[in-house]
Amino acid sequence: EAQDLKLGAPVFLRIIKTNPDGAGYRGGRIEAFVQKKEGGAFTLFKTYDICAYSGRLGPKTQQGDNQAPEGFYFVTPSAMNPYSSYHLSFNLGYPNAYDRSHGRTGNYLMVHGKCGSIGCYAMGNAGVEEIYTLMSAAFAGGQSFVRVHAFPFDMSPAALARHKDSAHAAFWANLKQGWDAFELAHIPPDTRVENGRYIFENAAE
């Protein structure tokens, strides 16, 4: 209410694995955005600290690598698990079309409670409860799926420059296009995969 936002309005989640300068490997967060009015921009409601994730910077590529995914995912109501052994959880939908086009393998990559990870994003019980509540209310309000965008770090030019020699540099440059599309209008773009790359549609010019 203080932010003139309504529980049950559409939600968008953005995962950032690392601290704001992109130099470390911890200190990440999930940003929860809520749409202020129908068809309009999404406003940052709250930021939740990631309690734990496994692996290092870079995407998940195969079963058993213990990497947490990076990329553009969406969560449907059927992916929500109120009976999770990790308190509450939802499935990110890895592998998505991009992951499959690159032969990536693995399954059951979650955002969940508690504070241990073997490839998932663990948010602690209190954090996941709030995120889960926002999503459940949005589904009840008519949102058919929640977009979840996962990044290694804040996708600033300076952060990308620090990692320009990484084997993932080209992948991250593609991710930055999606980051920029959202930052421009604060409306998450539609995403598709073409020739092994993410393509972003309905982004503001």
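Helix H4 buries Phe171, Trp172, Asn174, Leu175, Lys176, Gly178, Trp179, Ala181 and Phe182. Buried here means under 20% relative accessible area, exposed over 50%, and partly exposed in between, with a 1.4 Å probe and protein chains only. Helices (H or I, at least four residues) and strands (E, at least two) are DSSP runs numbered from the N terminus. The model is predicted: local features need pLDDT of at least 70, side-chain atom pairs count only at pLDDT 80 or more, and totals for chains, interfaces and linings use all residues. Residues are numbered from 1 along each chain as its sequence is written, and side-chain values use heavy atoms, with hydrogens and water left out.

The 17 residues of H4 should span 24 Å at 1.5 Å a residue, and the end C-alpha atoms are 25 Å apart, which agrees. The expected span of a helix is 1.5 Å times one less than its number of residues. Alanine 181 lies in H4. With 9% relative accessibility, alanine 181 counts as buried. Its C-alpha atom is separated by 18 Å from that of alanine 159, 22 residues apart along the chain. Just after H4, histidine 186 adopts a positive phi of about 55°.

Arginine 192 is opposite isoleucine 199 in S12. The hairpin of S11 and S12 has 2 residues between the strands, and asparagine 195 takes a positive phi near 55° there.

Helix H2 was examined in the same terms. Its 17 residues should span 24 Å at 1.5 Å a residue, and its end C-alpha atoms are 24 Å apart, which agrees. The buried residues of H2 are Gly124, Gly127, Val128, Ile131, Tyr132, Leu134, Met135, Ala137, Ala138 and Phe139.

In soluble globular proteins, nonpolar side chains tend to be buried together. A nonpolar core is a set of buried Ala, Val, Leu, Ile, Met, Phe, Trp, Tyr and Cys residues joined through side-chain atoms within 4.5 Å. The largest such core has 43 residues, of which Leu13, Ile15, Phe90, Tyr121 and Met135 touch the most other members. At least two residues of this core come from each of several elements, including strand S1 (11–18), strand S5 (71–75), helix H2 (124–140) and helix H4 (169–185). H2 gives the largest share, 7 residues. Methionine 135 is in contact (heavy atoms within 4.5 Å) with Leu13, Val75, Met80, Phe90 and Val146, leaving aside neighbours within four places in sequence. Another core, of 5 residues, lies apart from it; Tyr73, Leu109, Met110 and Cys120 are among its members.

The whole structure contains 1 disulfide, defined as a pair of cysteine sulfur atoms within 2.5 Å. Cysteine 51 and cysteine 115 form this disulfide, with sulfur atoms 1.7 Å apart. The torsion about their S-S bond is about -95°, so the disulfide is left-handed. The pair links distant parts of the chain, 64 residues apart. Cysteine 51 sits in the loop between strand S3 (42–49) and strand S4 (52–53), and cysteine 115 in the loop between strand S8 (110–112) and strand S9 (121–122). Cysteine 51 counts as partly exposed at 38% relative accessibility. Cysteine 115, at 44%, also counts as partly exposed. Cysteine 120 is in no disulfide, and the nearest cysteine sulfur, that of cysteine 115, is 13 Å away. Cysteine 120 counts as buried at 8% relative accessibility.

Key. Two strands pair if DSSP finds at least two bridges between them.
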